[in-house]
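Me: Can you take me through this one? I'd like the overall picture, then the details.

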Amino acid sequence: MYTTQMDAARKGIITDEMKIVAKKERKSEQEIMGLIAEGKVIIPANKNHKSLDAEGIGEGLRTKINVNLGISKDCCDFDIEMSKVKKAIELKVEAIMDLSSYGKTQEFRRQLVNVSPAMIGTVPVYDAVGFYDKELKDITAKEFLDVVEKHADDGVDFMTIHAGINKETARRFKENKRLTNIVSRGGSLMFAWMELTGNENPFYEYYNEVLEILAKYDVAISLGDALRPGSINDSTDASQIEELIVLGELTKKAWEKNVQVMIEGPGHMAINEIAANMVLEKRLCHGAPFYVLGPIVTDVAPGYDHITSAIGGAIAAANGADFLCYVTPAEHLRLPDLDDMKEGIIASKIAAHAADIAKGIKGAREWDYEMSEARKNLDWNKMFDLAIDSEKPRKYRESSMPEDEDTCTMCGKMCAVRNTNKVLKGESISIL
Ligand code: SF4
């Protein structure tokens, strides 16, 4: 009948996943199908991911967020990473990227796919080194592709593939000096592999084979930005734009095989460059959804990069980005713990929702209206229920209760909300 969601859409078939997404987005099934056919919306939904609650990413849809986790050589506690998975699911993130690079990666990945209604993404090149237990330069092109197939068979919904850093983009990168070189982990591995072996990037050279694997399982390709800027000094430079042009060409090739595509983006970037970058991506990549990793708008706030990236993410999404990768306060410093993860998720959710209001997404403003109404009515429980994070505001209030329970300890009996409500009802007030 059909191979991928894109194939189905182009044949005029409305899949179960399209129905779910249409309902969630308050759009017609026909509209969702049309956007998928054009490549402007994707539904990453691997045929082997049975617990998935499908979500769409792209134009006109709610901005989605992703959480990164996974076991690494320095932090390889399986159970701690699984408790992060549980927390991320509780907090209703739409996507989880498993960046595991050490130990029982397949066991972790399979367990994740089994329990997660959120879509699952991976970066197969991270896993390749640990899986083959070989030096990077000794891994063959075929072995890289075999890891892609393994992840696809395990039920991964989208994969970051750094196919845009080919020999030509690598040449341009070397000729146009940057302050922070390459900061993408997968990108740096691909660059190193090409330099050490003298060969073309296997994901670029054997791109058709990669697409065939992805189409077989209906895995969406997330075209990785190996040359994303790692400092605001390097943004919108020759390397970043050269790679983006290649990613645009690779997008069209993927669409020829009905593989759904999204494009990964910056990175670090000053606020004044963000809107133009969103236009550039949509233009050069033919309207494919944009997945931004930040952007972090200043480099001087380690420990607070959930804030620097939420500022950038909100501006990016308001200007067309569709999917935000969360950033935690631990960014640039260590593997995030459970608290870091929660802070990062909430910051990204705030950015995504703020952008959805600006984009005019159905239902976004109504949420704020309800909250403001509860605030006007001093209905504290309703405020907590409606909050992006119910836990923190509840704790704050309980830690400092006012004399008059309608109010809070900020202004007490001078509470502007309470007093104005009373005066408008013709009642008298006492502020002593
Ligand atoms: S006391 Fe002040 S801060 Fe608290 S609810 Fe009333 S107006 Fe708002």
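This is a predicted model: local features need pLDDT of at least 70, side-chain atom pairs count only at pLDDT 80 or more; totals for chains, interfaces and linings use all residues.

Me: How many helices and strands does the chain have?

Reply: The secondary structure comes to 19 helices and 10 strands.

Me: And what radius of gyration does the chain have, against that of a compact globule?

Reply: The chain has 23 Å. A compact globule with 432 residues would be near 22 Å, so the value agrees with that rule. Along the principal axes, the C-alpha atoms fill a box of roughly 80 × 50 × 40 Å.

Me: What share of the residues counts as buried?

Reply: Of the 432 residues, 54% count as buried. As for contacts between residues at least 6 apart in sequence, 71% of them join residues at least 24 apart.

Me: Let's go to H16. Which residues does H16 cover, and what should they span?

Reply: Helix H16 runs over residues 364–376, which is 13 residues. At 1.5 Å a residue they should span 18 Å, and the end C-alpha atoms are 19 Å apart, so the two agree.

Me: Which residues of H16 are buried?

Reply: Ala364, Met371 and Ala374 are the buried residues of H16. They cover an arc of only 95 degrees around the axis, so they sit on the same side of H16. Arg365 and Tyr369 are exposed on the other side of H16.

Me: What do the buried residues of H16 pack against?

Reply: They pack against helix H15, residues 338–359, and helix H17, residues 380–386.

Me: What comes just after H16?

Reply: Leucine 378 does, with a positive phi of about 50 degrees. Leu378 is also one of the residues around the ligand.

Me: Which other residues are around the ligand?

Reply: Besides Leu378, the residues there are Trp380, Cys408, Met410, Cys411, Gly412, Cys415, Ala416 and Val417. By type, the shell divides into eight nonpolar, one polar and no charged.

Me: Back to H15. Is lysine 342 buried or exposed?

Reply: Lysine 342, which lies in helix H15, counts as buried because its relative accessibility is 14%, and the cut-off for buried is under 20%.

Me: What is lysine 342 in contact with?

Reply: Leaving aside neighbours within four places in sequence, lysine 342 is in contact with Lys87, Leu91, Asp389 and Glu391. Lys87 is itself among the buried residues of H4.

Me: How far is lysine 342 from lysine 50, by C-alpha atoms?

Reply: Their C-alpha atoms are separated by 26 Å, and the two residues are 292 residues apart along the chain.

Me: Which residues are buried in H4, and what do they pack against?

Reply: The buried ones are Phe78, Glu81, Met82, Lys84, Val85, Lys87 and Ala88. They pack against strand E3 (64–69), strand E4 (95–98), helix H5 (105–115), H15 and helix H18 (391–398).

Me: What follows H4?

Reply: Just after H4, lysine 92 takes a positive phi of about 60 degrees, although lysine 92 is not a glycine. Lysine 92 is in the loop between H4 and E4. At 63% relative accessibility, lysine 92 counts as exposed.

Me: What is the phi of arginine 26?

Reply: Arginine 26 has a positive phi of about 55 degrees, and it is not a glycine. Its place is the loop between helix H2 (16–25) and helix H3 (29–38).

Me: Where are the cis peptide bonds around glycine 267 and proline 295?

Reply: One joins proline 266 and glycine 267, with omega about 20 degrees. Glycine 267 is in the loop between strand E8 (261–265) and helix H13 (271–284). Another runs from glycine 294 to proline 295, with omega near -15 degrees. Proline 295 is in the loop between strand E9 (290–292) and helix H14 (305–318).

Me: Last one. Where does isoleucine 241 lie, and what does it touch?

Reply: Isoleucine 241 lies in helix H12, residues 238–256. Not counting residues up to four places away in sequence, isoleucine 241 touches Thr236 and Leu280. Its C-alpha atom is separated by 44 Å from that of phenylalanine 384, 143 residues apart along the chain.

Methods:
Residues are numbered from 1 along each chain as its sequence is written. Side-chain values use heavy atoms; hydrogens and water are left out. A residue is near a molecule or strand if one of its heavy atoms lies within 4 Å of it. Ala, Val, Leu, Ile, Met, Phe, Trp, Tyr, Cys and Pro count as nonpolar, Asp, Glu, Lys and Arg as charged, and the others, Gly among them, as polar. Helices (H or I, at least four residues) and strands (E, at least two) are DSSP runs, numbered from the N terminus. The expected span of a helix is 1.5 Å times one less than its number of residues. Buried means under 20% relative accessible area, exposed over 50%, partly exposed in between (1.4 Å probe, protein chains only). The arc is that of the directions from the helix axis to the C-beta atoms. Contact means heavy atoms within 4.5 Å. The radius of gyration is taken over C-alpha atoms; the globule rule is 2.2 Å times the number of residues to the power 0.38.
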